[in-house]
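Here is a short briefing on one protein chain. Look over the sequence and the model, then read the points below.

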Amino acid sequence: MSATEAAELVGAHFADLRGAPVRLLDTGWDNTVYLVGAEWVFRFPRRAIALPGMDREIAVLPPLAPRVPLPIPVPELVGTPSHGYPWCFWGARLIPGRELAEARLPDADRVGAAGELGEFLRALHDPDLVPAVGAGLPDDPLRRADPGVRVPMARERLARLSEYGVWNPAVEALLAEAELLGPPTGPVSVCHGDLHVRHLLVDENARAAGVIDWGDVCVADPAIDLSLVYSGFEGPARAALLAAYGPVGLERETRARMLAVFLCAALAEYAASTDRAQLLAESLTGIRRAVAG
């Protein structure tokens, strides 16, 4: 999806944006994202595997947005399949901010954002949200909270990162502890599903600005979102987050730390292959945070 193609599609579907400047914002595993004009962010899926997530975002994010205390994208402009592009796409108003992964914030400067993220996750994981907005959402479709699935995947990714020295006794001890757990059996919550340092935005004052990229929204054990507690924060910042969120039991914490290691290893591998030095540094540090206690 080039900028020219994006401009043609947006202009064909939304006359008010015809001729507006189009600028690439970023690319991810599944989507290409463009800023159209100064206000609208459009997501275009690049792979068919992203299409169910796109449909879930369109259905779930509008009713979810007023129920959580941080901005999230709200698809207001939905493009339908056409001869020029066979899939749907959508536009939401821009949420200003930088990815936590790119913000270069020292741990000591993350306390404010951490507390705000804790409040956000407490609201998102409220059991009342499941019947209110969670109807029809899949139940942890990628089995992120199941160590039997994720631990072997984490080990594979860590092995491919051997040159960075991330495989150490503390990492292996955590993964071995997680392997003793079976699939989660407790109550489920509405979850972002893929919450990591690229999906939390912060502003110029190091405050939380929004949570983006909801293609994996689902119902699941809250551990799959709490992984960011352990990969993105430590010390006083993590304490502030947990104080705002509430108690996290030992088993859920172990699942969250395990998933944090996997996600950071996946991000590190992606960053290394795409020459994203800051994301690589943040991801490698996230593995250390996740096992540091």
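Helices (H or I, at least four residues) and strands (E, at least two) are DSSP runs, numbered from the N terminus. By that count, the chain has 10 helices and 10 strands. This is a predicted model: local features need pLDDT of at least 70, side-chain atom pairs count only at pLDDT 80 or more, and totals for chains, interfaces and linings use all residues. Residues are numbered from 1 along each chain as its sequence is written, and side-chain values use heavy atoms, with hydrogens and water left out.

**Overall form**
- A compact globule of 293 residues would have a radius of gyration near 19 Å (C-alpha atoms; the rule is 2.2 Å times the number of residues to the power 0.38). The chain has 19 Å, which agrees.
- Along the principal axes, the C-alpha atoms fill a box of roughly 55 × 45 × 35 Å.
- Contact means heavy atoms within 4.5 Å. Among contacts between residues at least 6 apart in sequence, 70% join residues at least 24 apart.

**Charge**
- The chain carries 27 positive side chains (Lys and Arg) and 38 negative ones (Asp and Glu); His and the chain ends are not counted.
- The centres of the two sets lie 1 Å apart, with each charge placed at NZ of Lys, CZ of Arg, CG of Asp or CD of Glu.

**Nonpolar cores**
- A nonpolar core is a set of buried Ala, Val, Leu, Ile, Met, Phe, Trp, Tyr and Cys residues joined through side-chain atoms within 4.5 Å.
- The largest core has 71 residues. L64, L117, F120, L124, W214 and F233 touch the most other members.
- Helix α9 (residues 250-274) gives the most to this core, with 13 residues.
- Apart from this core lies another, of 14 residues, among them L9, V10, W40 and F89.
- Beyond its neighbours within four places in sequence, L64 is in contact with I72, L124, L129, V133 and W214.

- S283 sits in helix α10 (residues 277-291). S283 counts as buried because its relative accessibility is 0%.
- Setting aside neighbours within four places in sequence, S283 contacts C264, L267 and A268.
- A220 belongs to strand β10 (residues 218-220). A220 also counts as buried, at 0% relative accessibility.
- Not counting residues up to four places away in sequence, A220 touches D139, D140, V188, S189 and C191.
- A220 and G186 are 34 residues apart along the chain, and their C-alpha atoms are separated by 9.3 Å.

Note on methods
Buried < 20%, exposed > 50% of the residue type's maximum accessible area, 1.4 Å probe, protein only.
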